[in-house]
Amino acid sequence: MNARAIEERLGRAPERARSGELWLRLRPEQLVYIVPDLVEGGGARFVTEFAAELSERFAIYVILDVGDDYLVLEAPLEAERFSSLVVRLPAAEWPEREIRDLFGLTPAAHPNPTRLVLPEGWPEGLYPMRKSFPREREVELAPPERSGPRMHEPVEGDGIFHMPYGPIRSGIFESAQFVVDTPGEKILGLHLNMFFKHRGMEKIFEGVSLEQAPLVAERVSGTDSFAQSLAFCQAVERALEIEVPPRALHLRIVFAELERIYNHVDHIAKHCEGASLNVANARFSILKERVLRLNAALTGSRYLRGVNQVGGLRQDLADPGVLLDELSSLEKDFGAETRLLKRTDSFLDRIITAGPLSREDAVAYGAVGPIARGSGVDLDSRRDHPYAAYPELAFAVATAADGDADARFNVRTEEIHNAFDLIRQAVDRMPEGSISAEVPVPEPGSRALGWAEGARGEEMYFVRFGEKGLLDRVKVRTASFVNWPLFPRTIEGQILTDFVFMEQSFALSQGGCDG
Amino acid sequence: MLGWFYRGLTSRRVTTRYPIVPESMPEGFRARPVVHPERLDPEASWEPYARACLPGAIQVTEEELTLDLGRCICCGLCAQVPGGAFTMEPDFELAVRNCQDLVTVVRRG
Ligand code: SF4
């Protein structure tokens with residue numbers, strides 16, 4: 001769909017805010033039919049829904065991917081409630097519950113209007129994203145009223161028990177709880193309890209200076225630091241119309257692809273660990289460590305933190321020779337290990353058919369990243385909504401049709417090969433020149449979207465500047481937040497023994513989901 | 001499986017002899033901010049250092065400047081403040097037995 005097609009459907013033309021971004025103002029009651037119509041009839045992808053507090057009222061925003069552009073629908077509210085989209089758009093379930101928790105706006109007719117993000121024992125009627133809630137305020141939690149894990153519509157029956165797994169698990173620092181309904185081995189239902197470590201990242205952004213804000217973005221999800229800071233910086237650069245120098249645009253490709261490589265390699269190592277292939281696990285882990293050391297040598301940070309800044313980059317690439325030499329050696333070794341792994345039956349037997357995700361579910365929930373591509377959904381924001389130097393580079397988007405852990409594994413190995421190639425192209429074509437542009441004082445009210453395709457998929461940011469040019473609202477929608485709700489759907493009907501493969505083949509970030 | 005067995009056998013050792021033999025980090029690796037008291041201008045305000053530091057690892061009062069490595073996220077912004085009283089060093093061995101040992105205090109005068 002382009003702007004014309006949207007106009008034909010809605011009878012009104014959206015306004016082009018800048019390249020790749022359309023805006024349309026609506027009344028809140030219009031959202032209920034316009035959004036599902038654009039999604040079901042127009043083939044748009046639901047990206048997210050969120051709220052913001054404007055000077056005198058609240059507003060609901062819906063972001064859609066309409067093909068070449070993102071379309072932002074803005075609906076200022078008259079009251080503290082809005083109509084839920086969930087009945088027709090299951091992907092809106094978590095975003096609307098989050099709005100309810102953090103802003104105190106009620107999604108009317110939401111089928112499961114329960115707490116999502118805030119901890120149990122958080123006082124009713126206290127909404128931390130409202131401007132009247134100061135950032136420094138400490139809140140005393142009441143002791144939880146009931147014991148036992150949270151379950152929404154558990155499967156009941158003779159001999160079925162509910163097994164909580166987590167939130168504290170061996171070998172995993174982050175906290176998530178999976179409650180499995182099972183008579184023994186087969187998984188009949190799975191309940192996800194997340195957000196144990198919700199840090200209020202969106203609130204932390206408010207009022208932080210533009211020099212420091214990328215550091216906050218990096219901490220949204222530690223292993224996606226570069227993608228997060230890139231998406232955030234691009235949102236600000238778009239809002240303030242900053243022209244980033246071409247050299248920085250190319251350098252950003254180098255670092256973004258290095259981040260993709262170490263994440264995907266780590267994912268393969270974890271799969272090998274699950275299959276008890278200790279040598280393979282060790283060898284892929286060594287490759288990952290070599291990429292982290294390369295990152296450290298190039299930028300001073302193993303996880304590429306403190307590299308991006310609004311307007312460009314903080315550091316230049318001193319000697320591309322070091323990078324290119326290590327890259328070709330890594331590529332050769334990665335190829336050799338992967339070829340052997342793809343011939344190892346005890347590995348393939350575990351991942352083929354494990355954790356299947358249907359294309360329909362992937363589309364209905366708006367899945368992104370390798371999870372979507374592994375189920376045959378051909379989307380990649382590097383190609384579909386190009387940014388940085390991607391439009392100038394040639395690359396293919398890897399997809400697979402089967403939707404199982406094996407399909408996602410194949411998508412990731414191919415993406416690693418493509419990433420090596422992209423880095424080489426970016427270095428070859430890298431122009432000389434400065435690596436950062438001046439940052440003007442933000443106009444109050446200026447706002448924009450920014451996005452980046454991280455290792456886990458599309459990371460989406462919305463920024464809005466308020467009085468005195470300070471950050472007034474930052475919406476962070478990570479790939480992990482979108483993809484987690486799909487996890488229970490891949491797991492029902494599977495067996496407990498394969499749980500690790502299913503979880504690892506999703507390879508999502510908990511911190512990024514919790515926010 | 002046999003393939004992995006051979007590959008394991010033919011791998012060289014990748015673990016190092018650290019800590020007996022020290023590991024060096026690449027130049028420019030940001031691990032430890034170091035404050036150089038002689039470069040702190042006794043006449044000027046030290047506030048810009050505190051303002052540069054997002055997590056509040058650098059605190060400044062009328063009389064003193066405190067650097068608490070326990071709060072530091074190694075971003076290196078303090079090393080970019082004009083005046084240059086901070087540098088980032090690649091020394092990553094930050095562990096101490098007592099968290100008070102992570103704190104450095106510089107007094108005026
Ligand atoms: S490196 Fe960053 S976090 Fe650490 S003291 Fe300096 S400014 Fe603060």
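Let's start with a strand pair in chain A: β3(A) and β4 (residues 58-65) run antiparallel and are joined by eight bridges. Within this pair, A:A51 sits opposite A:I60 of β4(A). Please keep in mind throughout that this is a predicted model.

**The sheet of chain A**

These strands belong to an open sheet of five strands with mixed pairing, ordered β1-β2-β5-β4-β3 (chain A). At its edges lie β1 (15-18) and β3 (45-53) of chain A, each of which pairs on one side only. From one strand to the next, the twist averages 25°. Helix α2 (residues 28-41) of chain A packs on this sheet, where the helix touches β3, β4 and β5 (70-76) of chain A. The direction of α2 makes about 160° with that of β5(A).

**Strand pairs in chain B**

Chain B has antiparallel pairs too. Strand β2 (residues 58-60) of chain B pairs with strand β3 (residues 64-68) of chain B in the antiparallel sense, and the two form a hairpin with three residues between them. On its other listed pairing, β3(B) runs antiparallel to strand β5 (residues 103-107) of chain B. One residue links both pairings: B:L65 is the bridge partner of B:V60 and also stands opposite B:V106 in β5(B).

Here are the antiparallel pairs side by side:

| Strand pair | Bridges | Opposite residues |
|---|---|---|
| β3(A) and β4(A) | eight bridges | A:A51 and A:I60 |
| β3(B) and β5(B) | five bridges | B:L65 and B:V106 |

**Where the chains meet**

Now to the interface, where 29 residues of chain A are in contact with 21 residues of chain B. The area buried between the two chains is about 1900 Å², and carbon and sulfur atoms give 61% of it. In chain A, the residues that lose the most area to chain B are A:Q212, A:R314 and A:L340, together 27% of what that side buries.

For polar interactions, the count between chain A and chain B is 11 residue pairs in polar contact, with both residues at pLDDT 80 or more. On the side of chain A that touches chain B, the elements giving two or more residues are α5 (213-218), α8 (278-299) and α9 (320-341) of chain A. Of these, α8(A) gives the most, with nine residues. By class, this side of chain A has 13 nonpolar, eight polar and eight charged residues.

The rule finds one salt bridge across the interface. A:E337 forms a salt bridge with B:R7, and their closest N and O atoms are 3.0 Å apart.

How values were computed: Residues numbered from 1 in each chain as written. Chains lettered and ligands numbered in written order. Predicted model: local features only at pLDDT ≥ 70, side-chain atom pairs only at ≥ 80, totals over all residues. Heavy atoms only, no water. Contact = heavy atoms within 4.5 Å. Buried area = accessible area lost by both parts, 1.4 Å probe. Salt bridge = Lys/Arg side-chain N within 4 Å of Asp/Glu carboxyl O. Polar contact = N/O pair within 3.5 Å; in protein donor to acceptor, adjacent residues only side chain to side chain. Helix = DSSP H or I, 4+ residues; strand = E, 2+ residues; numbered from the N terminus. Nonpolar A, V, L, I, M, F, W, Y, C, P; charged D, E, K, R; others polar. Pairing = 2+ DSSP bridges. Axes fitted to C-alpha atoms, helices over the stretch in contact; angles between N-to-C directions.
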